[in-house]
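Here's a quick tour of some side-chain pairings and a helix contact. Have the viewer open as you read.

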Amino acid sequence: MSLRLKTIIGVGLIEATLLVILISTILNYMRNTSENSLENYVTTTKTLFATSTKDAILSFDLATLESSIQEILKNDSIIYVRIIDNNNNILASGSNGEYKEREFLLDNNFLDIDDSIYDTEEFISVGDTIYAKIEIGVSTQQIEKSIKETTKLSISIAIVEMVLVAFFSFILGIYLTKQLKVLRNAAKDISAGDYTQTIDIKTRDEVGEVAHAFNKMTSSLNAANRKTLTYQQELEELNKSLEDRVERRTQKILDQKDKLESAYGQLQKTQRQLVESEKLASIGQLAAGVAHEINNPVGFIKSNLSSLEDYIGVYQTLIKEQQAFIDKVDINQNTDLKPHLEKIIAFKEEEDIEFISEDIDSLTKESIKGTVRVEDIVKGLKVYSRDSDDVFEPTDLAACLNDALTMLNNEIKYKCKIKKEIGELPLFPCDKVKIIQVFTNLIINAAQAIKDTGILLIKANHNKSTDNSNITITISDNGQGIPKENLAKLFDPFFTTKPVGEGTGLGLSISHGIIQDHGGEISVESKVGVGTRFTIIFNID
């Protein structure tokens, strides 16, 4: 077997092994990630839908239930939704396509799915009492399609890469064996008695050094024929040594290639982990704030409803006494009327029925305000946590700023006094989720730059001119400021001034990339001890 063929086969086997490991790892990672994402999406969807429809179910508000079902069915991945009471009566239902009458077969996880539909359920309960059950079907066809397409693409890439590796291995084998053939031919001529052979030196590597030594050897042979046998023996040994050195050199190159590929793969993995850590850190902060914000309105809603429950008990007692009074009315015998009438009057005065009637309206309004607050908070969380699909739609940037402030209210309200100067802004085509992510990063950074308490100023204006029209947004704080030497590196990936463990240095880098993707510009001005101002400009065609 020739050296060239050995080189091709060796490199091919190494590359094939690496490709099998790499493709298997990627496909397993994608499958596991897709399964986890689907299960998280299903859990979040059914929990949020159950929460949003709980009051309507408890109050038997069928119109609201139908409206909620139609709203969730706008999501293409939701196949059907049913709301069933304790008697297995369908309170409301809806579906996309022919799945309205589909039999419900509960799937506990992704591995239980055998029909491309994830069937799941959620119970509506108060305390230990279950009032209704929600059945939801989520399509998994898109995930299955993505996995199949990725598999096909990975195999295609592997085939192309194997062909390229074989081709370049063939070229490398030709290059290495060509020089050896020259040496071999010259050696044959010398062995036949031709001591005038010389080799052209075209390289300065090990092969060139061998050629130079070969020429010196032939020159010495011409000068001293008596040493021919000795020189021939040295030449044969030298040829053997050359093959060994070429093989060692080739193996060294292959080893270096393996190390580079391994380092590159590790770098990509680390980068993905850091990006995911940045997103998870932001979502963790939001979740903490949202939990705190929800607890307050839910607390006073619970208190008000408890008061309403007591008031209803008072009304029930009054009604019983009035009913007893009515039952006692007799045309022929009316001597018992007076005690009951006096009791009713005394009870009304003691319990202050008029005040209770007025207070019921007030408690109800407060409860409604509390639920609206909860809905706003949950709505903001849904907007931030939803995966972006890079769809640019006309968006109100002022509403995006307000959404970011609402989500971060608990994070910043104890440190910052918010001042807003937002003018009338035109709709701007953008990816709403990513723009809110930018605002969130900048507001969090501003709040963290304030040591104790300070002011966060947010401005937004529409600038019109004959040559240009743009929207300018500034987010300023009077915090610690940023040293001048750090300003030029502020948007670099992995650069951070925070202590180790508190930041990845990706927040501003990601925000800078998002602004550039939208054709905008972002800049920063800062002075130590005075504060920092970030300016975003979106040009409008």
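## Salt bridges

There are seven salt bridges in the structure, which is a predicted model.

Four residues, Arg 82, Glu 121, Lys 133 and Glu 135, are tied together in a salt-bridge network. Within it, Glu 121 pairs with Lys 133, with 3.8 Å between the closest N and O atoms. That pair joins distant parts of the chain, since Glu 121 sits in strand β3 (residues 117-126) and Lys 133 in strand β4 (residues 129-139), 12 residues apart. Lys 133 also meets Glu 135, at 3.2 Å from N to O. As for accessibility, Glu 121 counts as buried because its relative value is 18%, and Glu 135 is buried too, at 5%.

## A pair along helix α5

Elsewhere, Glu 261 and Lys 257 form a salt bridge at 2.9 Å, N to O. They're four residues apart in helix α5 (residues 228-328), so about one helical turn separates them. Glu 261 is partly exposed at 31% relative accessible area, and Lys 257 is partly exposed at 30%.

## Where α10 meets α12

The axes of helix α10 (residues 432-449) and α12 come within 9 Å and cross at roughly 145°. On the α10 side, the contact uses Lys 434, Gln 437, Val 438, Asn 441, Leu 442 and Asn 445; α12 brings Gly 507, Leu 508, Ile 510, Ser 511, Ile 514 and Ile 515. Sorted by class, that's six nonpolar, five polar and one charged residues. The crossing is left-handed.

Buried residues of α12 (residues 507-517) include Leu 508, Ser 511, Ile 514 and Ile 515. Just past this helix, Gly 519 adopts a positive phi of about 75°.

Technical notes: Residues are numbered from 1 along each chain as its sequence is written. This is a predicted model: local features need pLDDT of at least 70, side-chain atom pairs count only at pLDDT 80 or more; totals for chains, interfaces and linings use all residues. Side-chain values use heavy atoms; hydrogens and water are left out. Buried means under 20% relative accessible area, exposed over 50%, partly exposed in between (1.4 Å probe, protein chains only). Helices (H or I, at least four residues) and strands (E, at least two) are DSSP runs, numbered from the N terminus. Axes are lines fitted to C-alpha atoms, for helices over the stretch in contact, and angles run from 0 to 180 degrees between N-to-C directions. A crossing is left-handed if the near helix is turned anticlockwise from the far one by less than a right angle, and right-handed if clockwise. Contact means heavy atoms within 4.5 Å. Ala, Val, Leu, Ile, Met, Phe, Trp, Tyr, Cys and Pro count as nonpolar, Asp, Glu, Lys and Arg as charged, and the others, Gly among them, as polar. A salt bridge is a side-chain nitrogen of Lys or Arg within 4 Å of a carboxyl oxygen of Asp or Glu.
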